[in-house]
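Trainee: I would like to learn how to read a protein structure. Please take me through this one, one question at a time.

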Amino acid sequence: MTTDTDARQRQLAFLRAQLDSWPLPDLIPQLARLLAAGEPVSVQQVATAGGWTPEQVQAALDRHPRVDYEQDGRIAGFGLTLHPTAHSFTFDAQTVYGFCASDALEFPVLLDRSGVAESTCPATGQHIRVELTPTEVLTVDPPDAVVSTVRPTQAVTDIRTYCDLGNFFSSPDAASDWLTHNPQGQITSVADDFEITRQSLIEVGWVAP
């Protein structure tokens, strides 16, 4: 498996490249916190909360081809989404979803809420459950579960191309075929991926230390 240091360096390089290319680098955490209330939000709501104009928000969203929208044009998700995916995070009786496994581990940090991330191993079909606080992983079931990631070191237009490759696997052995087909990817333990994500969010200024 990839070392914690290597994976963290890749994650930071990717986040920094992505943020440098975005006109509103704080849009994702601002949007996630609004959506965590459980309802889609309008461009105007996001603009008001972030101190931007609606035109700035819409222009930033238009740069990404797979933002989740409702039929009425409200935003349902980008990173954190209200549209069901394979990766959920439940907190305070509210369930949100992530584009990838690492997203589900990111939410307790970003939202400052304890909760449970759940998914299904795409190789074995085994249910995976992770209990989290904003600062640590409490339990992992099964205990050998791992996270797959592909972390490019340059900005990308369609983030979901890479998010689609980020999954929970029930064990390193279960992830071996994925790694064979994605040699540029990494496999890390759930606890390591959580800490890599947490530290990266601190270093880019999305959450306080």
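**Sheets, helices and rings**

Trainee: In the open sheet of three strands with antiparallel pairing, what is the order of the strands?

Mentor: This is a predicted model, where local features need pLDDT of at least 70, side-chain atom pairs count only at pLDDT 80 or more, and totals for chains, interfaces and linings use all residues. Residues are numbered from 1 along each chain as its sequence is written, and side-chain values use heavy atoms, with hydrogens and water left out. Two strands pair if DSSP finds at least two bridges between them, and the order in this sheet is β10-β9-β11.

Trainee: Which are the edge strands of that sheet?

Mentor: Helices (H or I, at least four residues) and strands (E, at least two) are DSSP runs, numbered from the N terminus. An edge strand here pairs on one side only. That applies to β10 (168-169) and β11 (186-189).

Trainee: Which residue stands opposite Val-147 in β10?

Mentor: Strand β9 covers residues 146-149, and two bridges join it to β10. The two strands run antiparallel. Opposite Val-147 stands Phe-168.

Trainee: At what angle to β11 does helix α8 run?

Mentor: Axes are lines fitted to C-alpha atoms, for helices over the stretch in contact (heavy atoms within 4.5 Å), and angles run from 0 to 180 degrees between N-to-C directions. Helix α7 (residues 172-181) lies across β9, β10 and β11, at about 165° to β11. Helix α8 (residues 190-203) also lies across β9, β10 and β11, and its angle to β11 is about 100°.

Trainee: There is another open sheet, made of eight strands; which are its edge strands?

Mentor: Its order is β1-β2-β3-β5-β4-β6-β7-β8, with antiparallel pairing. Look at the two ends of that order, where each strand pairs on one side only. They are β1 (68-69) and β8 (137-141).

Trainee: Which residue of β8 stands opposite Arg-129?

Mentor: Four bridges join strand β7 (residues 127-132) to β8, and the two run antiparallel. The residue opposite Arg-129 is Asp-141.

Trainee: Which residues does Pro-29 touch, not counting those up to four places away in sequence?

Mentor: Pro-29 is found in helix α2, which covers residues 27-35 and packs on the sheet, touching β2 and β3 (80-81). Pro-29 is buried (under 20% relative accessible area, with exposed over 50% and partly exposed in between, for a 1.4 Å probe and protein chains only), and its own value is 2%. The C-alpha atoms of Pro-29 and Gly-79 are separated by 9.1 Å, although the two residues are 50 apart along the chain. The residues that Pro-29 touches are Leu-110 and Trp-206.

Trainee: Why is β5 largely enclosed by the rest of the structure?

Mentor: Strand β5 pairs with β3 in the antiparallel sense over two bridges, and five bridges join it to β4 (residues 87-91). Among the partners in β5 are Tyr-97 for Thr-81 and Gly-98 for His-87. Strand β5 is largely enclosed because of how many of its residues are buried: four of the five.

Trainee: In the hairpin of β4 and β5, which residue takes a positive phi?

Mentor: This hairpin has two residues between the strands. The phi in question is near 45°, and the residue is Asp-92.

Trainee: How far apart in sequence are the parts that Phe-78 and Phe-99 tie together?

Mentor: Rings of Phe, Tyr and Trp (its six-membered ring) pair if their centres lie within 6.5 Å; planes under 30 degrees apart count as stacked, over 60 as edge-to-face and the rest as tilted. The structure holds four aromatic pairs, and Phe-78 with Phe-99 is edge-to-face, at 6.1 Å centre to centre and 75° between the planes. Phe-78 lies in strand β2 (residues 75-78) and Phe-99 in the loop between β5 (94-98) and α5 (101-111), so the parts tied together are apart by 21 residues.

Trainee: What angle lies between the planes of Phe-169 and Trp-178?

Mentor: Phe-169 is buried, with a relative accessible area of 4%, and Trp-178 is buried too, at 10%. Their pair is tilted, with 6.5 Å centre to centre. The angle between the planes is 55°.

Trainee: Which residue lies over the face of Phe-99?

Mentor: A charge sits over a ring if NZ of Lys or CZ of Arg is within 6 Å of the ring centre and within 35 degrees of the ring normal. For Phe-99, the distance from the ring centre is 3.6 Å. The residue is Arg-160.
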